[in-house]
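Look at the model first, then read on.

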Amino acid sequence: MHTESFIAELQSIVGPNHVLLSADDKAPFLTDWRKRFTGKAIAVVMPASTEEVAAIVKCCIAAKVPIVTQGGNTGFCGGATPYPSGHEIVLSLKRMSHIRSTDIANQTMTVEAGCILQSLQEKAAETGHLFPLSLGAEGSCMIGGNLATNAGGTNVLRYGNARDLCLGLEVVTAQGEIWHGLKGLRKDNTGYDLRDLFIGSEGTLGIITAAVLKLYPLPLSQWTTLVATKDIPSAIALLGLFQKRAASLLTGFEMMTQESLDLCASHFPQMANPLSNNPPYTILVELSDHESEEHVRLLLEQILETALEDGLVSDAIIASNLAQAQAFWQMREHITLAQAQEGANLKHDITLPLSSLDQFMQNTDALMRAAYPGIRIINFGHLGDGNLHYNIAPPKGVDPHAFNQAEETAIHELVYAQVEQCGGSISAEHGVGQLKLEGLRAHRGAVAHDMMKAIKRALDPENILNPNKVVSI
């Protein structure tokens, strides 16, 4: 490859100002959000259209230069971070941020991959609709990355993952061709579902440039409550009670352990748990409805009354206004920020059958504390769909970087072995990236892993798109 001619061709496609070459200009694109992975890149290229993306891919094929596609760079697994070799380009989709159309009758919105998630939520709300994908990074993450990782978040229980909220895609293939799949159809049984193939593939099979997203009527009322439970069986029984009595009105059911909220309060004192006696488990529950606020409030009170009578909960606080409801959610969302301020930690984004949650937590907690006295287990997550963020911080006073370097492999193996025993998954919503690449074959099994490699070879035989992420060929 002749670097000068390669750069000149990229500049001719997107304009000289949109090919970043200096170390300072490239730096924000070369390190992941957790500052765990840092790489190098020949250039950061920022196209403004799908046609420019296609032209860039063809240019890279000719030069044999791999492409790492990047949205908001908020991932946890290094999937959008180039390797230190410096032989790749970063393809940033931040300039592709247009909302192409909104179809109210069809309840869909067609958007480009660089749209910020929060902007989409706000645009939907302006039309009286809800785009329900919601996660902590929604102010900076982009919908293309959300789809590429099949993001989850806090509303999965009611609305599903990003995959469930997408009807159609526009994708640039590894050959630089454009698949025009932007159909807002809820039924389309015409062979293989290509949309589902690209969603969750982390940019390894094609580059998502636009999507047709589902919209829902905006709820007229929402009620949020914090509930104290003594153990996981009680929390799961409480979930069953809400599912039975509230059905589809149940939109959020989040679990926070005492240790995770103590850490949050130590860094954000204004977010101390308002429930009495600092319970072992705090559950955040949200109901939303299209009827009156009185209807939802009465239902919520009735369910909590039954839960108290049955001994499932010991205390509960219903948010009296929007500000208090937001404060409850901020407690949950600030656990991750508190971890970042505390120092490096070992994250496990896992999912388990609800029937195995208590077994997993009891066994894994006991093994972890026996092996590492004083260890801090910051466990919280989307209990309604079995997704735990089971994170490990070293004992107080121990250097986190030194601890992680020495113990990371052993701790991951301990946690993942318990996940396997309980029939779970080592990645619920964060993806694989480069972080979990080595363990994926053992987890998925040889047959499944080989099928994934065969798909990668078929769609990207030159291994141009995000090589050595998710699968290696």
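In which hand, left-handed or right-handed, does helix 12 pass helix 13? The crossing is right-handed. Note that this is a predicted model.

The axes of helix 12 (residues 357–371) and helix 13 (residues 400–421) come within 10 Å. They cross at roughly 155 degrees. Angles over 145 degrees count as roughly antiparallel, so helix 12 is roughly antiparallel to helix 13. From helix 12, Phe360, Asn363, Thr364, Leu367 and Met368 take part in the contact. Helix 13 meets them with Ile411, Leu414, Val415, Gln418 and Val419. By class, seven of the contact residues are nonpolar and three are polar. None is charged.

Five strands form an open sheet in the order 5-6-10-8-9, and the pairing is antiparallel. On average, neighbouring strands are turned by 15 degrees against each other, direction ignored. Strand 6 (residues 108–112) pairs with strand 10 (residues 206–214) over five bridges, in the antiparallel sense. Here Glu112 stands opposite Ala210 of strand 10.

Two helices pack on this sheet, as the table sets out.

| Helix | Strands touched | Angle between directions |
|---|---|---|
| Helix 3 (residues 50–63) | strand 5, strand 8 (166–173), strand 9, strand 10 | about 40 degrees with strand 8 |
| Helix 4 (residues 117–126) | strand 5, strand 6, strand 10 | about 150 degrees with strand 6 |

Strand 5 and strand 10 are touched by helix 3 and also by helix 4.

Notes:
Residues are numbered from 1 along each chain as its sequence is written. This is a predicted model: local features need pLDDT of at least 70, side-chain atom pairs count only at pLDDT 80 or more; totals for chains, interfaces and linings use all residues. Side-chain values use heavy atoms; hydrogens and water are left out. Two strands pair if DSSP finds at least two bridges between them. Helices (H or I, at least four residues) and strands (E, at least two) are DSSP runs, numbered from the N terminus. Axes are lines fitted to C-alpha atoms, for helices over the stretch in contact, and angles run from 0 to 180 degrees between N-to-C directions. Contact means heavy atoms within 4.5 Å. Angles under 35 degrees count as roughly parallel, over 145 as roughly antiparallel, 65 to 115 as roughly perpendicular and the rest as oblique. A crossing is left-handed if the near helix is turned anticlockwise from the far one by less than a right angle, and right-handed if clockwise. Ala, Val, Leu, Ile, Met, Phe, Trp, Tyr, Cys and Pro count as nonpolar, Asp, Glu, Lys and Arg as charged, and the others, Gly among them, as polar.
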